[in-house]
Amino acid sequence: MTDTARTARAGVPERPTLDGLEENWARRWQEEGTYAFDRSKQRSDVYAIDTPPPTVSGELHMGHVFSYTHTDTVARFQRMRGKAVFYPMGWDDNGLPTERRVQNVYGVRCDPALPYDPVWRPPATPVSDDARKNPTPVSRRNFIELCERLTVADEQVFEALWRRLGLSVDWSLTYTTIGRAARATSQRAFLRNLLRGEAYQAEAPTLWDVGFGTAVAQAELEDRERPGAYHRLRFTGPGGREVLIDTTRPELLPACVALVCHPDDERYADLVGATVRSPLFGVEVPVRAHPLADPAKGTGIAMVCTFGDLNDVTWWRELRLDTRVVIGRDGRLLPEPPAGVPAQPYAALAGQTVNGARREIVARLADAGDLIGEPRPITHPVKFYERGDRPLEIVSTRQWYLRNGGRDPQLRAELLARGRELHWVPEHMRHRYDHWVSGLTGDWLVSRQRFFGVPVPVWYRLDDAGEPDRSQPLTPDESALPVDPSTDPPSGYDESQRGQPGGFVGDPDVLDTWATSSLTPQIVGGWETDPDLFARVFPMDLRPQGHDIIRTWLFATVVRSHLEHGVLPWRDTELSGWILDPDRKKMSKSKGNVVTPLALLEQHSSDAVRYWAASGKPGMDLAFDPAQIKIGRRLATKLLNASKFALGLGAADALRAVATEPLDRAMLAELSTVAATATAAFEGYDHTAALLATESFFWRFCDDYIELVKERAYGTGPGAQSARAALATALSVQLRLFAPVLPYVTEEVWSWWRYGSVHRATWPTTHEVGRAIEGTGDPELLRLAGDALSQVRRAKSERKLSMRAEVPLAEALGPAALLEKLMLISDDLRAAGRIGKLDLLPDRTTELVIASAF
């Protein structure tokens with residue numbers, strides 16, 4: 001790292017400006033290694049941040065700027081407190097969002113059956129809508145190369161914007177979730193989970209996204225309100241009894257395996273244990289009782305299909321029902337009926353979409369007289385994959401799972417205990433973690449049927465008939481990682497044996513992107529590859545993230561660290577809220593109300609945008625407010641101009657002198673309190689309170705103190721020297737207090753008169769400020785002087801006089817004790833107010849009143 005202490009002073013420019021600061025200082029910070037991590041420090045001297053890797057399948061928006069600015073203020077504060085800050089940046093580039101973006105940008109789709117074509121080149125972009133609707137099939141390897149090509153370009157754009165925003169990241173620590181190190185780490189952790197029995201494979205009902213063609217985990221679901229309709233169907237019970245059920249999914253009638261009612265529902269008590277016959281298909285299905293059935297919903301008795309929703313899965317599992325799957329992975333009804341379902345009535349449904357099958361079966365039910373009344377329109381919540389645009393189906397598939405406490409009460413209790421051990425900012429966010437963990441109904445599904453991801457690192461032996469033996473998967477040695485079973489053979493085999501009887505086949509799936517992102521501390525910390533670094537940074541100090549991904553990223557990371565290391569992955573977590581539009585609605589791409597940051601950064605400056613971001617507290621939502629950004633620019637501009645003025649008074653040459661005059665000592669005494677307040681706020685992850693305290697003081701410093709002492713500071717003698725000493729200390733301290741939020745303008749001003757970087761300077765302390773005061777200071781004097789000066793200014797303003805107008809006589813009225821204090825600063829007040837004579841009239845009023853005579 002370059003020694004920033006050798007950086008020369010720049011001198012005060014003739015016309016300070018915010019323009020160009022980002023380009024200049026971003027370049028110099030990189031050249032001088034200002035934010036480079038010092039890995040020689042012991043763990044006690046390190047502050048490690050598990051930085052969120054943003055998804056690079058789109059563009060950054062103001063929500064990113066909001067949350068990452070919060071993290072950066074923490075990093076800058078800790079660095080100035082003497083910590084070696086481990087602050088990496090990652091790019092989350094694998095998974096479904098990247099694949100979807102590649103498909104849209106290049107007009108292609110992946111066909112794993114195709115061979116690799118080394119000379120194939122993608123079409124020029126942008127491609128036409130027709131090309132997107134009729135994509136060109138390419139091999140898996142060609143498709144992955146396109147993914148890698150596009151993510152590299154996206155990552156360069158993201159990095160440029162982060163640098164402009166002023167994130168104090170050590171860019172030598174950058175990683176990607178699809179990079180070699182991340183793939184090896186993810187596969188190593190999975191293999192160890194498998195060895196310990198924490199990872200397992202099972203054939204089970206799976207939430208399935210038809211659009212993406214992949215399984216989806218419980219944590220990735222969201223409910224969306226969608227229109228539907230209740231259809232009342234007639235089943236036939238013993239002795240011809242009519243049994244009516246209401247369903248929103250009549251197309252699943254051939255998948256019906258039971259009817260279920262509540263155990264206490266007397267209407268159906270005599271049916272429990274008997275069978276009924278389904279309409280159209282005439283299949284005999286049992287009637288069973290289960291407490292999950294709601295007597296008040298519909299007719300009180302429900303049709304159980306395999307599988308229509310998560311209730312069906314619960315009933316199927318707990319009542320040990322048959323399985324009749326009718327919907328395939330493509331979202332269409334299977335070409336052949338399930339066992340026990342007659343082929344003739346099913347034939348009209350085979351190959352149809354869900355909606356097409358629904359229309360067909362409703363028409364047939366009506367013709368048969370088994371549809372009672374007309375369908376009743378409703379609006380109801382429907383499960384979607386959070387990134388998908390089609391309702392999820394539930395299909396039976398073989399998948400990989402990772403134990404997460406969903407079916408293990410002891411592990412669940414251990415993970416809840418980890419949540420209590422973690423320090424939450426704000427504290428109430430822990431309840432979301434507890435609620436999620438307590439409500440888990442199954443283990444974590446970690447396999448995906450996609451292409452651009454970390455491959456599941458296993459192979460299977462093929463028997464003499466060419467069937468895979470999944471009971472004993474073949475696994476690689478950790479030294480061989482990362483591997484791709486679709487192109488690499490397992491140890492002891494060669495490529496010619498792939499797919500051959502007696503040979504092997506690779507697992508075709510990839511790991512869920514969260515299964516890799518949940519290992520970010522291990523990826524950046526060099527787990528098993530750099531033990532020295534890992535010992536210095538793990539467990540980490542801070543996990544900053546959005547509150548909406550507590551159930552995914554935060555919980556998953558806790559699970560992986562608990563299983564592998566037996567500890568929390570970090571000590572603290574700081575949660576960010578959402579950015580809202582002016583109507584107080586969450587900004588999102590789907591709503592079309594997203595604001596991108598680049599134009600704002602260019603127009604108002606990065607410091608101004610960071611100021612807006614820092615005005616939002618951890619865990620709280622913040623409305624996007626351009627007016628607040630303008631206030632931030634005004635503050636940064638004032639900091640430039642006030643600093644130039646103070647340095648023009650000679651403050652730079654009086655840095656180590658002490659303040660002797662009452663008003664100077666009063667100002668520094670108040671500044672000492674501000675420094676203590678800001679320090680405590682930053683220690684509690686409350687950057688907003690730190691900024692508020694610093695900014696409030698700064699405006700009093702500019703509007704009152706500088707105006708009160710500038711005449712004295714222009715002069716000579718002890719009084720002038722005291723003013724310049726106070727100005728020097730105040731400027732030095734305030735620049736450092738502002739530095740975490742306003743990095744560019746503070747660095748610029750610091751360079752005018754100090755050596756090195758303000759961001760490597762020590763954080764100001766009350767002890768430091770106290771050394772600059774001779775004796776003690778009374779903060780009340782500064783407030784008193786400001787009040788008095790304000791009244792004089794107001795009197796001039798009411799008479800429409802210039803602030804430079806003379807006041808021949810002013811009378812100060814108030815309690816005697818207050819006027820005695822005013823006497824201590826009367827010379828500064830007279831000079832600032834241009835008061836010829838100041839008379840003190842004690843005990844005439846209960847509060848200070850300055851009466852100006854003109």
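In which loop is the place of Arg320? Arg320 lies in the loop between α7 and α8 (343–346). This is a predicted model, in which local features need pLDDT of at least 70 and side-chain atom pairs count only at pLDDT 80 or more, while totals for chains, interfaces and linings use all residues. Residues are numbered from 1 along each chain as its sequence is written, and side-chain values use heavy atoms, without hydrogens and water.

**View 1. Positive phi at Arg320 and Leu280.** Although not a glycine, Arg320 has a positive phi of about 55 degrees. Arg320 is exposed, at 75% relative accessibility (buried is under 20% relative accessible area, exposed over 50%, partly exposed in between; 1.4 Å probe, protein chains only). Leu280, also not a glycine, has a phi of about 65 degrees. Leu280 sits in the loop between β12 (275–277) and β13 (284–289) (helices, H or I, at least four residues, and strands, E, at least two, are DSSP runs numbered from the N terminus). Leu280 is partly exposed, with a relative accessible area of 30%.

View 2. Pro539 belongs to the loop between α14 (531–537) and β24 (540–546).

View 3. The whole structure has 0 disulfides (pairs of cysteine sulfur atoms within 2.5 Å). Cys147 is buried, with a relative accessible area of 0%.
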